[in-house]
Amino acid sequence: MRVRSRAVVATGVVVAVIAAVGIWLVVRQAGGQLRLPLSLASRTCTVQADGQVRLDADQMANAATIAAIGVQRKMPERAVVVALATAYQESGLRNLSGGDRDSLGLFQQRPSQGWGTEAQIADPRYSTRKFYAALKRVRGWEKMRVTDAAQKVQRSAFPEAYQKWADESEVLTRALLGEATGAVACTVGATPVMRGAAAAAALTRGLRLDWGLPEAASPAELTGVAVPADDRRDGWRYAHWLVSHASDHGVKRVRFAGLEWTAKAGTWGRVGDATENDGEVLAEVFADA
């Protein structure tokens, strides 16, 4: 009886290990495609630009940062599509604290493979810059399929997995690079994470780090920032970035080119002449309580 019991236990352990490996393989293959039901997942942002994508606040903020850093590094639009598709697959556009072996972050980069220290990779801006630098070294990546270009950088066990995120990534890229008007709309909770001067300072710092912009001015009539825009495309890039970071930076409203997004409504609406404030994007943060 004792020998038989040990055999049963051993068999159970083997089955559990096989099941765990199987679950990991399924999750790895599906990437961010395995989603929670709508009632459980907080999907607070809608992106519409010749297609529609829905993300939660964290995903939206990470996507906006990936796009902005691509522009700052003078990467072509195609590179942003590849980067977003890669982060979609590797992390579901989330800055993960762990993963397979020592992988972590948006792109599941591994310290042991020379991507940087754990602390560096955990910084979304650092990991995004490293991805673009690696992509730039791939000869002919511009003419490759999204999944092939991503695979040249990532060397994944599932090389075709990135392609399923190409359409969503193209929608996000069009919106976040300013090719669509009022394309990013997020609903923000009633209790902002940040308020007042701290929120305005965080916005200014984020704009500098993501876009490489100089210090933004603080308009006298509101607590927030004013971002100069050379043209409408730049204006919508900054406006969509500000809305994308509204939840984590306490943004109350964003106004550009006669349109205004508000945290209360969660949508864009007209507020005057279409040429109003064409030269700058205005963002107001929640005042100190």
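Arg 232 is partly exposed, with a relative accessible area of 38%; partly exposed lies between buried, under 20% relative accessible area, and exposed, over 50% (1.4 Å probe, protein chains only). Arg 232 belongs to helix α9. Its C-alpha atom lies 8.1 Å from that of Gly 279, a residue 47 positions away along the chain.

The model is predicted: local features need pLDDT of at least 70, side-chain atom pairs count only at pLDDT 80 or more, and totals for chains, interfaces and linings use all residues. Residues are numbered from 1 along each chain as its sequence is written, and side-chain values use heavy atoms, with hydrogens and water left out.

**The chain as a whole**

The secondary structure comprises 10 helices and eight strands. Helices (H or I, at least four residues) and strands (E, at least two) are DSSP runs, numbered from the N terminus. The chain has 289 residues, and 49% of them count as buried. Its accessible surface is about 14,200 Å², with 53% belonging to carbon and sulfur atoms; such areas come from the Shrake-Rupley method with a 1.4 Å probe, and for residues only the protein chains shown count as cover. Among contacts with a separation of 6 or more, 62% are between residues 24 or more positions apart, where contact means heavy atoms within 4.5 Å.

**The sheet and its helices**

Five strands form an open sheet in the order β4-β8-β5-β6-β7, with antiparallel pairing; two strands pair if DSSP finds at least two bridges between them. Strands β4 (224-228) and β7 (268-270) are at the edges with a single partner strand each, so one side of each has no neighbour in the sheet. From one strand to the next, the twist averages 20 degrees. Strands β5 (residues 251-256) and β8 (residues 280-285) run antiparallel and are joined by four bridges. Arg 255 has Leu 282 in β8 as its bridge partner.

Helix α8 (residues 196-211) packs on the sheet and touches β4, β5 and β8; its direction makes about 25 degrees with that of β4. Helix α9 (residues 232-244) also packs on the sheet, touching β4, β5, β6 (259-262), β7 and β8, and its direction makes about 170 degrees with that of β5.

Two packed helices are described by the angle between their axes and the distance between the axes. Axes are lines fitted to C-alpha atoms, for helices over the stretch in contact, and angles run from 0 to 180 degrees between N-to-C directions.

| Pair | Angle | Axis distance |
|---|---|---|
| α2 (residues 57-72) and α9 | about 150 degrees | 8 Å |
| α2 and α3 (residues 77-91) | about 150 degrees | 9 Å |

Helices α2 and α9 are therefore roughly antiparallel, a term for angles over 145 degrees. The crossing of α2 and α9 is left-handed, meaning that the near helix is turned anticlockwise from the far one by less than a right angle, while clockwise gives right-handed. Residues in this contact include Ala 61 and Ala 64 of α2 and Trp 241 of α9.

Helices α2 and α3 are roughly antiparallel too, but α2 passes α3 in a right-handed crossing. Here Ala 63, Ile 66, Ala 67 and Gly 70 of α2 meet Val 80, Ala 83, Leu 84 and Ala 87 of α3.

**Phe 107**

Phe 107 sits in the loop between α3 and α4 (118-121) and is buried, at 0% relative accessibility. Not counting residues up to four places away in sequence, Phe 107 touches residues including Ile 66, Ala 83, Ala 87 and Phe 131.

Conventions: Parallel < 35°, antiparallel > 145°, perpendicular 65-115°, else oblique.
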